[in-house]
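Welcome! Try each one before reading its solution.

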Amino acid sequence: MGRIVLALGLCVALAACGGSRYASQNAASYRGPTAAPVLFATGPIQAACQRAGRKQSSRGRCGCVQAVADMELSAADQRRGAGYFSDPHALQEVRQSSERVASNGRFWTAWKAFGARAEQLCT
């Protein structure tokens, strides 16, 4: 009987040492006192990035870019921008028409800021 109580006590003690089960899956995770947070999320940008199959696209990098998109872009801009991964020329046309078409100008400004931030955080 004493061995069973001791074994149960050890199991409880070991279980108490585990991490939190309430950590957000789409938020930055922390890797120690001196490590920088690792950004990762899933969504339309991450999926489009993975499908594009570019040389520098990895699951981690595409997830980081999605995490930045979640911070910088609206859901509508994310859906719109995801289409440009497979057709970069269409994005060039948006940029060129941004002075004539107000919605393209607003999108281009947001997309450009998102790109700069993603480059800063995900490289």
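Contact means that heavy atoms lie within 4.5 Å. Helices (H or I, at least four residues) are DSSP runs, numbered from the N terminus. This is a predicted model, where local features need pLDDT of at least 70, side-chain atom pairs count only at pLDDT 80 or more, and totals for chains, interfaces and linings use all residues. Residues are numbered from 1 along each chain as its sequence is written, and side-chain values use heavy atoms, with hydrogens and water left out.

**Exercise 1.** Find the buried residues of helix α2 and say what they pack against.

*Solution.* Start with burial: buried means under 20% relative accessible area, with a 1.4 Å probe and protein chains only. In α2 (residues 44-52), I45, Q46, A48 and C49 are buried. Now look down the helix axis: these residues fall within an arc of 165 degrees (taken from the directions from the axis to the C-beta atoms), so they line one face of α2. Finally, their packing partners are α3 (59-72), α4 (75-83) and α6 (102-122).

**Exercise 2.** Is D77 buried or exposed? Find its contacts, too.

*Solution.* First, locate D77 in helix α4. Next, check its relative accessibility: D77 has 4%, and therefore counts as buried. Last, set aside neighbours within four places in sequence; D77 then contacts R106, F107, A110 and W111.

How values were computed. Buried < 20%, exposed > 50% of the residue type's maximum accessible area, 1.4 Å probe, protein only. Helix = DSSP H or I, 4+ residues; strand = E, 2+ residues; numbered from the N terminus.
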